[in-house]
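Please read the following note alongside the sequence and the coordinates. The points are numbered so that each may be checked in turn.

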Amino acid sequence: MALPNLFGEMGAVLQEMQTNAILQTNETAVQYGLCLTAEEAVEILEARNDVLLNYGRVELDIEVTRRLIFTFCASPFMDAEEYATTLIDLQEVFYYMKNETEDQIGDEELIALMLDYFENSCGGSVELLMGRELDDFARSFRRQRQAGVWKGDDV
Amino acid sequence: MQHAIELRSRIAKERLNPYQYTLSLLREGLRVGLLTERAVRDIQAQIMLILQDLIVRYTHGESTSVKTETAESLLNSIFYALDAYANAADPGACLDRLQAGGVREAYERGLELVIACVAEARAIYQEVRRNKLDVPLEVYHTSIDEALPGFFLQYNVIFQAHDTTCMLDYPLVFDDMKVQGVYYIRRYLETLRTETEFCRLFGSDEVRGLLARYGAVYRIDVATSPVNLYEIVLSNALFATLVGNPAGQLAITQGQYERLRVQLRSLASGDLAVLIEVALEEMIDGLGLGIAAPEVVAYIWRTKPLLLQRIVTAVEHNSLHNVAITDEDEPVREERIDFVSGARMSDAEFRALAGQVAACTQVAEKVRTVLEQVISFRDFVDLLEADCFYGEEYLALYAGLGELELALLCRVVLEEELRLAPLPLAVWSSELAPEREWQVQYVVFLRSRNAELLQALAERVAVLGC
């Protein structure tokens, strides 16, 4: 039973609801001088859908996107000019990491981890975040999982 | 209201897929006009909400996304519960509930039904385990002692209701593998219970003895083979009835078998079917089934067409000894062709026969045609020379021959070799260089026989003189 085949007709109505949900985040982000246009909200959504498809994941709401916005809009490294682009990249980083950590890290914990690396060792660079820090983290995580020493495992 | 009733009556139940019931019901509802496109989208949206909840539950609230395969599996689980509900409801009433916003309610009701099915399956399992047969059948025991408990241990009604991961190697006569999840397991257990109940009507020693002889006939290690015990027991119980043995007995002697074989061969197929039916009724009465075990009786009648087909085919190909297991160690290879000296066909008759054999699309049909129509050994050899058979088809033909025919062929194919050594050695002679395809395949056939059969053949060849 293929999800896309079964629920394809719902796209237009759902997109409108989700676009509005993203635009609602402007109420918080505007405090930091950041704001998304309707076109940018649609771009973010479309990019999210592409990333989910490419990474073989399913998500039925946009809570992750909203949490990313709420978490990162307060970062001093977020630039108004690059706001939408950065959010699109952060979405990709997030779903990439969900796969790389085999769904063993919860959404909130992962977003907190991303913020920590973004603001500290990566100095606001998403390229460094994806290409170096989180890649290293994922490798280390898998090694520790294999050795059974990740938190929550019995030692 | 009248309009709705009229629309409901248009639902074509034959268009409903029992294995994807809810989806096919939605499609059918749309087709007859009981549902609009918008109503279907609303139902889909409600299902998506259930899926969304399941994703959160599955991830213990830690994540809102999962891998696509996981989401598909969760969706299958949702539809399994919805199917359970829909199958138990009237199709029209089910559609009414779904489009009135009752998808979640239908899902939860379906879950209750699935949970109830698990409880029923467990109860049947306990009964099957208590009444397990004492037979040397490995797959029977591992299915009951390992596979089924493993299923109940890992089965998850919420996230994987549709899952039937279970190594059930013991085959049943009737097994619908398109059914999934616990409904499949319950049906498997019900069938296993019925088959076991029938087999328990016979003594353990009788059943074990029959199994051993079955293994000898088919040259298999029956202990490790995936054979269905019920079919073997039913078959021999039927033959035991046909030869006049008392109810509950499975063994038939060689003499009884011989008389039965001659009797069955003389019957037209319609008369054979009647005879089998009467014998089954007699067997059922003799075993005291009747009202006491209606499921067993119904199952026996359900098996009848399969059993009848096997018997008819065996009678046609003179291979009844493979179906009726006698209490002798070796099956008798009766004569297949009564060669009559001088009774050769005319050229026209031979050409017609050769054409008929060459036109057969099935090997079994070719073999039957030859065995039924050839009565001269010379004609038989000419037919072999006529290239009506190809490659391993010859082996099927040789397998249908009796000792006399095989011995006669030996004298033709191994004429020179038999002058120098007796048959078992002659077959393996390095000088043996058959020229024709039928001779090559004949040597292959002989080399595949066991030593005892070759020795019996050698004795027959010796009697014929070489």
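1. Contacts in chain A may be sorted by how far apart the partners lie in the sequence. Of those between residues at least 6 apart in sequence, 63% join residues at least 24 apart. The model is predicted.

2. Chain A contains eight helices and one strand. Along the sequence the order is α-α-α-α-β-α-α-α-α. Of the 155 residues in chain A, 45% are buried.

3. Two helices of chain A deserve attention as a pair. Two packed helices are described by the angle between their axes and the distance between the axes. For α6(A) (residues 83–100) and α7(A) (residues 107–119), the axes come within 11 Å and cross at roughly 125 degrees. This angle makes α6(A) oblique to α7(A), and the crossing is right-handed. On α6(A), the contact is made by A:Leu90, A:Val93, A:Phe94, A:Met97 and A:Lys98; on α7(A), A:Asp107, A:Leu110, A:Ile111 and A:Met114 take part.

4. In chain B, helix α11 (residues 254–265) has twelve residues. From its first C-alpha to its last, α11(B) reaches 16 Å, close to the 16 Å expected at 1.5 Å a residue.

5. Which residues of α11(B) are buried? They are B:Gln254, B:Gln256, B:Tyr257, B:Leu260, B:Arg261 and B:Leu264. These residues lie on the same side of α11(B) because they cover an arc of only 150 degrees around the axis. An α-helix has 3.6 residues a turn, so residues three or four places apart point the same way.

6. The face of α11(B) turned away from the buried side carries the exposed residues B:Arg259 and B:Val262. The cover over the buried residues of α11(B) includes α10 (229–242), α12 (269–286) and α13 (294–316) of chain B.

Definitions and conventions
Residues are numbered from 1 along each chain as its sequence is written. Chains are lettered from A and ligands numbered from 1 in the order in which they are written. This is a predicted model: local features need pLDDT of at least 70, side-chain atom pairs count only at pLDDT 80 or more; totals for chains, interfaces and linings use all residues. Side-chain values use heavy atoms; hydrogens and water are left out. Helices (H or I, at least four residues) and strands (E, at least two) are DSSP runs, numbered from the N terminus. The expected span of a helix is 1.5 Å times one less than its number of residues. Buried means under 20% relative accessible area, exposed over 50%, partly exposed in between (1.4 Å probe, protein chains only). The arc is that of the directions from the helix axis to the C-beta atoms. Contact means heavy atoms within 4.5 Å. Axes are lines fitted to C-alpha atoms, for helices over the stretch in contact, and angles run from 0 to 180 degrees between N-to-C directions. Angles under 35 degrees count as roughly parallel, over 145 as roughly antiparallel, 65 to 115 as roughly perpendicular and the rest as oblique. A crossing is left-handed if the near helix is turned anticlockwise from the far one by less than a right angle, and right-handed if clockwise.
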